[in-house]
Amino acid sequence: MGTAKISSKAAPVSFRGVTKVYGRDVVAVDDISLEIEAGKLVTLLGPSGCGKTTTLRMIAGLEMATRGEIFIGDRDVTKLPATDRDVSMVFQSYALFPHMTVLENVTYGLTFSGFNKADARERAVQGLDLVGLTDFGDRLPSELSGGQQQRVAVARALVLEPQVLLFDEPLSNLDAKLRRQMREEIRDIQQSLGMTVVYVTHDQEEALAVSDVIVVMRNASIAQIGTPRELYDAPADRFVADFIGEANLIPCEITGVEGGVADISLAGYHHRLDSRGLGPGPATLAVRPSRLVLNAGNGFSASVNKATYVGSRMEYTLNAEFGPVFAVAESTGDPFRVGQELVVGLAPTGPVLLPDD
Amino acid sequence: MRRASTDTSSHSVLIFWIATGWVGFLLLPWYGIQDGFFKFEWLTDGYPFDDDYAPAAFLIGQGEKLWLAPMIPFLVAPLFVLKRRKTDPTFAKILILSGALGFSALIAQGFGIGIRGWNFGWLEAAFGPLGDRQFGMGYGALLVASAFLFIFTHGIAARGAVNGDVFVVGAIGFVILIVTAFVFFPIAKMLSAAFITDGGGYSALTFAEKFVDRRLWGVGCLTGAGRCGAALNSLFLAVAVGTITTVLGLVFALVVTRSGFRHTRVLRALTVLPIITPPFVIGLALILLFGLSGAVTVFISDVFGIQPTRWLYGMPGILIAQILAYTPIAFLVLIGVVEGVSPSMEEAAQTLRANRWQVFRTVSLPLMRPGLANAFLIGFIESMADFGNPLILGGNFDVLSTEIFFAIVGAQYDQGRAAVVALVLLSFTLAAFYAQRFWLGKKSYTTVSGKGDAGVHPKMPRGLSIPVFAVAGIWGAFTVIIYGMILYGSVVELWGVNNTLTFKHYVTAFSVRIEDTGIRWSGAAWDSFWTTVQIAAIAAPLTAAVGLITAYLLTRQNFAGKNAFEFGTMLSFAIPGTVIGVSYILAFNVPPVEITGTGIILVVSFIFRNMPVGVRAGIASMSQLDKSLDESSLTLGANSWQTFRKVILPLLRPAILAALVYSFVRAMTAISAVIFLVSANYDMATSYIIGRVENNDYGLAIAYSTTLIFVMLSAVGLLQLLVGKTRIGRRTAVT
């Protein structure tokens, strides 16, 4: 065992009808069922208070499910405390022990896992190698930068080769540049070791960038599960459409459905697209700002209300009959003027129909 | 790998407790050894067959004390679960049942059968005369009881309580058990003693008779027809002390924060005084100044020809002594509050065109209101509970705490009356304690946020600063004189009669002779001094441990009934020492827990008297530690005990030291509970001093007190040094 490189014992995680109630009647997580495949990086995404952190902490064993069952691998862990689960977690605050050196921090968990001193040390050194902190073992956490502390926290969790590795908003204390770098490193390590990772964030861009699967949560339950592309291109409802990337939610009317293709009408403009199982009647059209074609031959009319130059592109707020619309244009050379009347069309792919709720 | 190790390790804890139970039952003497807890002559003196020293198993084997037999099945049953897994429901059920039933059997026989056979008439009626008896429980019973307790909590944990955490559930069970045994049980016993008639029955009439006593509630001093009762005296005194100490405390807090006074460190040093001064020492110094042959009295009678009177003995003396003693406490409370008023509030008021006086009256003072209430209530409770000063200065002015003492020690020896008076006192302090919690629970004026607050407190208005400085100056000078008196009084031959300087008293108390056989501690005080140091040194770490574990449970764990748990553990703060003393005598001089007259009862009383301090210190510093530290340790595979030991404790070193020294010092200065609990073998310094005072041997008493003050000063100094040098890794700035 002593010579083994750090590898992975990735296991799937399964939630079966799990509910968490705080106190008497505060429902933090409401009857969630969820299957997380082994070796995948799954992100729990949602606004604050949606239950994503509670879900993560129930995997860790830091919160106990009020009802339902949780499995890690083929083992029912519902009632097991954190200590007895083969799971490690990287905390938002890193939670490095301030009275121990970096190496002691990384060795900490190993000493409770049946390694003798020499093996534990060897593994801890390997772990520090893996995150690029080979020579920092003797420092105290307070002598490291934020990014380095983050890496120590990751190494400390990694060396235990947990069945599941959990991240609780790990990048929220880092600046924008470091964030991008760290999330790539986390993704690289996860893929090269083939670990099961559950990752909580409220940053949709981060989620899209690192995940195999994203679980979007809202009001204590799951709004949608899918790959980043599925969520972005085919959101299940208005909430997901608006939360993942920005979307214009435009009221429209389905005038007819034929062979899975719907005819819609909005502000006098007719368009055909996938009906997604909806029947005739009022519906909502979700359109990403980049999927609006400005100054198209065919479309609805709108006037430019605001034009903002943000460097790589132009951002426009348009006034249409049904309300404001947000659009972006790659071309910055000759922007539209405020007050200018435009005909706005829809790109052939991208816009999706959502049920009216 | 983690899976395997945790399953066996949790079982190994269980095996440990089962084995402990068996050792207690099979090997160790079941009953308390009369020679003392730490004496081991019994090993060679008839053990294991002699009745007094026999383990329970040997007793039963010889056909004696058969009522111990019902415990056997509950010691056997847990052995059968060892092969089962923790998640097996039968595992939990068997452990819970054997723990609970075994413990009940132990308690039932302990209370049911005493030194005169059956303890209750109905038991005798049901089973006939017993013809046998038993004494207090000893090592064996202690081990078996702990075994049952932890087997029970193990079962509860296995059922999933508190995330199935064996250590936490065990700790909760342990704290509940000891608080019940050493706080609630004695108080309940005292409550029932208040109703016991002379014949041994219970009657509400007896209570009523003793309760509506003129000596308690008389209002003679108001109507001009004699004296007031002790209850009213205590109440007047406590309200006066609370009010005056609050005002004085506020005065000092204002001087420190809002006057531009430079030497604030000197004032802050004042806060150490009440901690290191035995409570009655101020009273002694007052006698040296204003007593019949006091320095001031003699001076005035010489110069003005005024006849010396005994005006000091009574309300005035106690009032002055308590004000001197408790103002620093009020200062300590108020300095935090006065500093806590955010300067930006006051600056905002200034920019809104309020002048200094208006700012103070409309913003600063109202924001300090909860602190003022808190300081008042603490002064009130301290005054109510004070025993030393009324004892030496009281004269004919009876207060509740001394009434209790005289009811039980004096010629009247009336336990029932002592219990009734103690109940009255307890209800006063509990009412104040409850009012304090209620008031502070409802209102929060905290204005300091985590954000940097660059402002400065405005100076107080001039009209206020003149009287404030005057009062502070007078008080400060008076305190210096008082402490000077104590020092001076200890080196004077016979105060007021023969003023030659001498070290005679120190020699009498602390002489040491070097002889062939080694050092002989020949001074009169050494005996009680070493006992005090020894008892305090044993009690201090236990107090700190119990306090910190309780604080850990309160800040770090969530469990059903946590609020009641907190209230129970903080309750002993509101129980005056004299009440503890009386209730301990009533509860622990008969089996099953028979520890009166031993050192153990002193240690136990200190633990529970000072536990709230440890709890508060622990809570204060533990809430500074981010909870994710514990959680990350748990997810890294450490269990909560390992987390507590490896993460929490190392980070709490300063708090632990503070709790240690504080409980050590408090144990050395305590008098109120101690005076009931000391015995010939275990005399404490404070009760020895009080004894000298009662014999008018002031010189020795004061010399001894001075020595104590210096001992404690060095203890506190040592603490400052240790805490100052303790370096733990800086907390990271990340939150």
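Which loop of chain B holds Ile115(B)? Ile115(B) sits in the loop between β1 (113–114) and β2 (117–118) of chain B. The model is a predicted one.

**Ile115(B)**
- Ile115(B) counts as exposed because it has 12 C-beta neighbours inside 10 Å, and the cut-off for exposed is 12 or fewer.
- Not counting residues up to four places away in sequence, Ile115(B) touches Arg133(B), Phe135(B), Val590(B) and Pro591(B).
- Pro592(B) lies 477 residues from Ile115(B) along the chain, yet their C-alpha atoms are separated by 9.4 Å.

**Nonpolar core**
- The largest nonpolar core has 328 residues.
- Leu166(A), Val198(A), Leu284(B), Ala422(B) and Val582(B) have the most contacts inside it.
- Helix α16 (residues 315–340) of chain B gives the most to this core, with 16 residues.
- Ala422(B) is in contact with Met190(B), Ile404(B), Thr578(B), Val579(B), Val582(B) and Ser583(B), leaving aside neighbours within four places in sequence.
- In soluble globular proteins, nonpolar side chains tend to be buried together.

**Contact between chains A and B**
- Chain A brings 34 residues to the contact, and chain B brings 32 residues.
- On the side of chain B that touches chain A, α1 (2–26), α29 (627–635) and α30 (640–651) of chain B each supply at least two residues.
- α29(B) gives the most to that side, with 6 residues.
- The residues of that side of chain B divide into 15 polar, 10 nonpolar and 7 charged.

Conventions:
Residues numbered from 1 in each chain as written. Chains lettered and ligands numbered in written order. Predicted model: local features only at pLDDT ≥ 70, side-chain atom pairs only at ≥ 80, totals over all residues. Contact = placed C-beta atoms within 7 Å. Helix = DSSP H or I, 4+ residues; strand = E, 2+ residues; numbered from the N terminus. Nonpolar A, V, L, I, M, F, W, Y, C, P; charged D, E, K, R; others polar. Core = buried A, V, L, I, M, F, W, Y, C linked by C-beta atoms within 7 Å. Buried ≥ 20, exposed ≤ 12 C-beta atoms within 10 Å, placed from the backbone.
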